[in-house]
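Have the sequence and the 3D structure open as you read.

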Amino acid sequence: MADPVLSIRDLTVEIPTRYGILRPVSGVSYDIAAGEILGVVGESGAGKSMAGNAVIGLLSPPAHIAAGEIHVRGTRVDQLTGDAMRRLRGKEIGMVFQDPLTSLNPLLRIGDQLTETMLAHLDISRAEAERRAVAALEEVGIPGAAERVGSYPHEFSGGMRQRVVIALALCAEPSLIIADEPTTALDVSVQAQIIALLKKLCRERGTAVMLITHDMGVIAEAADRVAVMYAGQLAELGPVRDVLTAPRHPYTHGLMGSTPLASRGKDRLHQIPGAMPRLDALPDGCAFHPRCPRAHDRCRVSPGPRIEDGGGRAACLFPMVEEAVA
Amino acid sequence: MALVDIRNLTRIFDVSKPWLNRVVERREKSYLTAVSDVSFEIAERTVYALVGESGSGKSTIGKMLVGLLGPSSGAVEIRGTDLARETDAAKVDAVRRDIQMIFQDPFASLNPRWRVRDIIVEPVAARGGDTSGMAERLLEQVGLSAKDAGKFPHEFSGGQRQRICIARALASEPKLIVCDEPTSALDVSVQAQVLNLMSDLKDEFGLTYLFISHDLTVVQHMADRIGVLYLGRLVEEAGPDELFDDPKHPYTQMLLAAAPQLDSFGREVPPPTGEIPDPINPPKGCAFHPRCPLAADVCSQTRPEMRDIRGARVACHMAG
Ligand SMILES: Nc1ncnc2c1ncn2[C@@H]1O[C@H](COP(=O)(O)OP(=O)(O)OP(=O)(O)O)[C@@H](O)[C@H]1O
Ligand SMILES: Nc1ncnc2c1ncn2[C@@H]1O[C@H](COP(=O)(O)OP(=O)(O)O)[C@@H](O)[C@H]1O
Ligand code: SF4
Ligand code: SF4
Ligand SMILES: [Mg+2]
Ligand SMILES: [Mg+2]
């Protein structure tokens, strides 16, 4: 198999505080291949965005990478600083965030934003960049692209703006896209349009996509593989169908059971008792043990095994096998 | 008799620019019709859900139901009393007391400087009612502990705060609770806890809910009857099984097809086309006609009436 586009190994992010060191991301490893969509799911605060921000060098101090390595197309990037990181971000990594306005300059026409981005990262003429800007907007489905290059961000609806952001993220032809909750603020019909667009671009251009979301339905529909995060750690990693239909980690199992589903009718939803622990109050052993119906004495002292690529699928001492979701 | 009877309810907002700008720019006044001629009934002890995309008028209907907004025309009757027109103050008061509302953002709706006890009993205390031991009892009923009464809102997680909001709503022993996206800000595992709690309380206290949500799976799980809104218009109403198995309005069909499902692995369906139109200048006739695959000439001329079709009410010329 070809080298992955993104490779994260034992990534740990730390935030020093007055009360001690917090670890929003702890020992996380995963790869994303060219043309693959990796879905990253988990409850809010699980560390999904922190892991994504670490890859693009956008951790806000005092948060920093304390251990581990990140490679993009074979180049180690976790030690890059300042300019080198900025160049890589535009060239190799495109970003799409929940709020499209954070990625767009309100004072610049969208055509100029696209053109400038391409000129900064690609060896092409201005005329060529302007031609490609129109093509990029056409590709993401902006009607009348040739006229709309002259419009400002506020002249578009939320869904249209997110398309413009995707065009901007893709225009320098990056090999990796990090999309952090790209459809969370959008209506379902617009969400379906954006997801279809991401899948098409990934397939046609072989871009690797990290799709961060808390919506299991979006993951099922879009992702090839899924990484489930809990309290800063990777709980489960595997092909999307396997993980969602036959989860091995009790947390994934509980998560799937608590999602309303037509086939479950009006029966009570499965409840995971309690809530995800705060980072300053992580339990010893397996972080999930206070909520886990399978917890044994060993779980209270020893954390589950870490997930390595090619190793087990769940970071659990007593993983579930062949137990259908209730 | 239905507990709630909503008839031809319409709400228009004046969204004109200030007078001077209008004169200088030679603009007319502009009006936004947030809710247009909506009629439905809610039977006692049932859950009626309103679904629709952002801006479809769900919250505006909810606010008119609890009396936070007045209708521009049409009426909301609760057990035969029209809150906007009833002149007997005592009667209005009695009906008001029967209705409570729960909002999406459980933090914004709790006063951060008040203790939980005072937040919960406030609606009752304001009327001079007896509140001794009330907060403690209600906290236990919603799955928190009596000890929590002395704490402040910031000491609770999102799901716990929503439980506090529910406890406050229960304090006045309401008949009807309008729940506006009560779990949209919560993670699924916490959402499951809150939805289960709401179902339990409904059975225990004989409550009726107007349940507002944009999440189709949640609505399918909770509702006895579902109304689908598009651009302020009720386009279809049906029970959950009929609506999800046999959607009759082209917009409902589009919405159901677009919603991602847990078993839709690698699904490739053409996504919906077009966008929701500008509510200030909605399309003539059927508001959905510019996006509708079935649209005929009549659709751009005449607004379709609600018709009964196989257990559903549908506003579409072509549905059958
Ligand atoms: N006070 C107001 N003044 C002017 N327009 C308003 C006002 N309140 C609501 N609207 C408009 O009325 C329409 C319906 O709004 P409403 O809040 O009821 O939608 P909703 O279905 O609850 O949407 P969401 O899912 O985003 O909460 C929207 O176009 C909105 O912009
Ligand atoms: N500047 C900060 N100081 C302290 N904790 C932080 C800071 N930023 C984020 N965190 C914590 O890091 C954890 C992971 O956050 P995040 O990656 O944003 O979660 P997710 O994207 O999965 O919702 C959370 O517990 C969050 O509260
Ligand atoms: S390691 Fe133990 S406590 Fe943790 S998830 Fe597995 S069984 Fe549960
Ligand atoms: S009335 Fe016409 S345009 Fe409207 S939904 Fe029905 S077929 Fe489509
Ligand atoms: Mg996040
Ligand atoms: Mg609303």
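## One residue and its neighbours

Set aside the neighbours of A:Tyr30 within four places in sequence, and A:Tyr30 is still in contact with A:Leu6, A:Ser7, A:Ile8, A:Arg9, A:Leu38, A:Val40, A:Ala51, A:Met210, A:Ala227, A:Leu234 and A:Leu237. Contact here means heavy atoms within 4.5 Å.

This is a predicted model, where local features need pLDDT of at least 70, side-chain atom pairs count only at pLDDT 80 or more, and totals for chains, interfaces and linings use all residues. Residues are numbered from 1 along each chain as its sequence is written, chains are lettered from A and ligands numbered from 1 in the order in which they are written, and side-chain values use heavy atoms, with hydrogens and water left out.

## The nonpolar cores

The largest nonpolar core has 102 residues, and A:Tyr30, A:Met210 and A:Leu244 touch the most other members. A nonpolar core is a set of buried Ala, Val, Leu, Ile, Met, Phe, Trp, Tyr and Cys residues joined through side-chain atoms within 4.5 Å. Buried means under 20% relative accessible area, exposed means over 50%, and partly exposed is in between (1.4 Å probe, protein chains only).

Which helix gives the most to this core? Helix α6 (residues 158-170) of chain A does, with eight residues. Helices (H or I, at least four residues) and strands (E, at least two) are DSSP runs, numbered from the N terminus. The core draws at least three residues from each of domain 1 (1-92 + 174-326) and domain 2 (103-173) of chain A. A second, separate core has 67 residues, including B:Val47, B:Leu138, B:Leu144 and B:Phe244.

## Two domains in chain A

Chain A is divided into domain 1 (1-92 + 174-326) and domain 2 (103-173). These bounds come from an automatic or database domain assignment. The C-alpha centres of the two domains lie 30 Å apart. Across the boundary, 19 residues of domain 1 are in contact with 13 residues of domain 2.

The area buried between these domains of chain A is about 1400 Å², and carbon and sulfur atoms give 63% of it. Buried area is the accessible area (1.4 Å probe) that two parts lose on being put together, summed over both. In domain 1, A:Pro174, A:Leu197 and A:Arg205 lose the most area to domain 2, together 32% of what that side buries.

How many salt bridges cross this interface? The rule finds one. A:Glu139 forms a salt bridge with A:Arg205, with the closest N and O atoms 2.8 Å apart. A salt bridge is a side-chain nitrogen of Lys or Arg within 4 Å of a carboxyl oxygen of Asp or Glu.

## Where the chains meet

The contact takes 40 residues from chain A and 38 residues from chain B. The area buried between the chains is about 3300 Å², of which carbon and sulfur atoms give 54%. In chain A, A:Glu221, A:Pro260 and A:Lys266 lose the most area to chain B, together 18% of what that side buries.

One salt bridge is found across this interface of chain A and chain B. A:Arg268 forms a salt bridge with B:Asp200, with the closest N and O atoms 2.6 Å apart. On the side of chain A that touches chain B, α7(A) gives the most, with eight residues.

## A buried threonine

B:Thr252 is found in helix α10 (residues 250-258) of chain B. Is B:Thr252 buried or exposed? B:Thr252 counts as buried because its relative accessibility is 1%. The side chain of B:Thr252 makes a polar contact with the side chain of B:Glu236 (2.8 Å). A polar contact is a pair of N or O atoms within 3.5 Å; within protein, one must be able to donate a hydrogen and the other to accept it, and residues adjacent in sequence count only if both atoms are side-chain atoms.

## Backbone details

Most residues other than glycine have a negative phi, and most peptide bonds are trans. A cis peptide bond joins A:Pro61 and A:Pro62, with omega about 5°. A:Pro62 lies in the loop between α1 and β4 (64-72) of chain A.

B:Glu173 is not a glycine, yet its phi is positive, near 45°. B:Glu173 counts as exposed, at 60% relative accessibility. B:Glu181 also has a positive phi, about 50°. B:Glu181 is buried, with a relative accessible area of 9%.
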